[in-house]
Amino acid sequence: MKILGHMTFFLLLGGIWAQNNRNAKVSGKSAKRGGGAQASDAGHSTPAADSSQGSSRSSGRPADSRQDSAAGTRAAVQQTDEMRLQFLRSAQVTCNDGSAAGFYLKEFRGSRRWLLFLEGGWCCYSKETCDSRYQNTPRLMSSSGWPQTKRGTGLLSSQAEENPHWHNANLVFIPYCSSDVWSGTGPTPTPAPRTRQGKDKVKERNTNATEYSFMGSLIIREVIKDLIPKGIKQAKVVMLAGTSAGATGVLLNIERVASQLEQLGTEAQVRGLVDSGWFLESKQQRSPNCPETVSCTPEDAIKIGLRLWNGVVPDRCRQLYRGEEWQCFFGHRLYSTLTSPLFIVQWLFDEEQLRVENIYMGGQSLSEEQWQYIQNLGLEIKNSLRDVTAVFAASCLSHTVITKSTWLSFQVKGTSLPRALHCWDRSLEAIRNNRTPAKGCPFHLVDTCQWPQCNPTCPALVDQATQQELTLLQMLVAMGLDPQKLGLDPEGEADSLASMVRNGG
């Protein structure tokens with residue numbers, strides 16, 4: 001009976017905390033500063049492994065059925081808000097399957113700020129993994145199915161309500177179709193012989209993984225070349241941003257992009273925005289069958305992939321880790337070798353980092369050892385970010401943020417991510433103009449609380465089976481953990497969790 005009483009209180013506590021969490025989110029939104037009206041609360045959903053792709057959802061403008069002219073104006077604005085597909089002029093730089101690579105562009109006439117965004121989506125590194133990727137997610141290896149237009153969300157939105165500080169920049173979305181973490185410089189594959197049946201043609205082309213083209217780094221170079229007639233040579237600021245594998249691509253290419261723009265004669269300051277690409281090495285042991293199976297750890301996949309992709313890493317990091325260049329794919333090793341300004345956005349309990357260890361929050365079960373790994377992960381990521389100048393790291397279980405329409409909602413120590421980016425922007429401008437940066441505008445923000453989801457603005461957790469929103473405590477119970485065995489006293493935790501909510505993480 002005593003245990004039953006504890007469990008009842010435990011679940012009641014979860015309900016109270018969920019309500020406090022929701023209330024904190026609402027009050028946080030109304031109190032936010034940062035310019036422009038706030039975006040509407042579109043709710044939360046479980047983040048996908050590749051959530052960086054552009055969205056076709058509407059801009060969120062209110063309908064006005066009373067005036068046809070207003071509706072017509074809105075339609076015209078929405079039309080110009082779309083980013084339009086342009087294929088590269090160079091036919092030699094292609095996607096994996098030899099189809100034309102390209103980019104989506106939304107110009108803002110007169111703006112001297114450019115935002116270049118690299119899409120994410122992991123990679124392939126062997127015949128088996130590349131064939132599987134081509135079959136299951138062809139848009140990440142071929143441009144044949146790309147739509148003609150794309151509407152950006154979050155930092156890629158053209159709406160001031162959703163994107164207060166960068167909506168009036170020239171926006172460039174570069175689709176990920178090279179499967180090489182944006183590092184490849186491999187040659188274009190030899191076209192397969194034509195056959196009477198399309199399926200046979202695909203089968204012939206995929207008989208050898210080296211017949212795929214891996215040209216991620218070259219795609220970035222060619223995009224910048226194609227943007228010269230659009231005015232990028234006159235840019236004042238160029239920000240290379242990305243999520244997940246695209247974020248790692250920013251780390252790998254930021255110095256090369258800065259050098260290319262400098263050679264073009266531009267005086268632009270090149271900056272990098274890294275969202276959810278700050279990974280730690282896996283704790284798992286290497287599979288004895290790697291690379292014959294898909295069970296390689298990320299480190300092993302990169303080691304194998306670098307040879308297949310003819311991948312490149314920044315020069316200073318390559319010299320530091322000569323013979324072990326794969327280490328340059330990990331931000332905590334690469335960061336100190338880079339000279340371009342970087343802003344790191346990283347959930348302290350990144351879902352993709354957990355999936356590498358076969359931990360799926362909201363799944364069927366969770367062992368005590370896995371729970372201990374989750375707790376340690378937050379501390380390890382926090383320690384790895386200690387020397388990073390500009391960072392936004394919330395104690396949340398999620399993956400990617402800057403392209404979510406809800407990105408305005410998340411805060412660390414009372415500062416939203418858009419506000420932190422704006423403070424960083426102001427600081428860089430002040431330093432560039434030999435001025436003292438303004439005080440009271442923070443951009444080094446790391447949560448101090450130790451628990452996953454202890455920040456009340458975190459995205460909600462969702463049970464994969466029921467699609468119900470749960471607090472962390474409710475989810476732990478649903479996944480079979482006994483809070484008493486973990487040393488979690490529900491009565492004692494009540495005060496602790498209430499303090500977390502009051503202190504905002």
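Predicted model: local features only at pLDDT ≥ 70, side-chain atom pairs only at ≥ 80, totals over all residues.
## The Cys317–Cys328 link

With -105° about the S-S bond, the disulfide (a pair of cysteine sulfur atoms within 2.5 Å) between Cys317 and Cys328 is left-handed. Its sulfurs sit 2.1 Å apart. Cys317 belongs to helix α8 (residues 315-320), while Cys328 lies in the loop between α8 and α9 (331-334), 11 residues apart. Helices (H or I, at least four residues) and strands (E, at least two) are DSSP runs, numbered from the N terminus. Cys317 and Cys328 are both buried, meaning under 20% relative accessible area, with exposed over 50% and partly exposed in between (1.4 Å probe, protein chains only).

## Other cysteines

The structure has 6 disulfides. One of them joins Cys396 and Cys458, S to S 2.0 Å; the torsion is about -80°, so this link is left-handed. The pair ties together distant parts of the chain, 62 residues apart, and both cysteines are buried.

Cys449 and Cys454 pair up at 1.9 Å, and this disulfide is right-handed because its torsion is about 75°. Cys449 is at 11% relative accessibility, so it counts as buried. Cys123 is in no disulfide: the nearest cysteine sulfur, from Cys124, is 6.8 Å off.

Residues are numbered from 1 along each chain as its sequence is written, and side-chain values use heavy atoms, leaving out hydrogens and water.

pLDDT (the predictor's confidence in each residue, from 0 to 100) averages 80, and 74% of the residues score at least 70. Over residues 191-209 pLDDT stays under 50, and the model has 25 contacts beyond four places in sequence for that stretch; a contact means heavy atoms within 4.5 Å.
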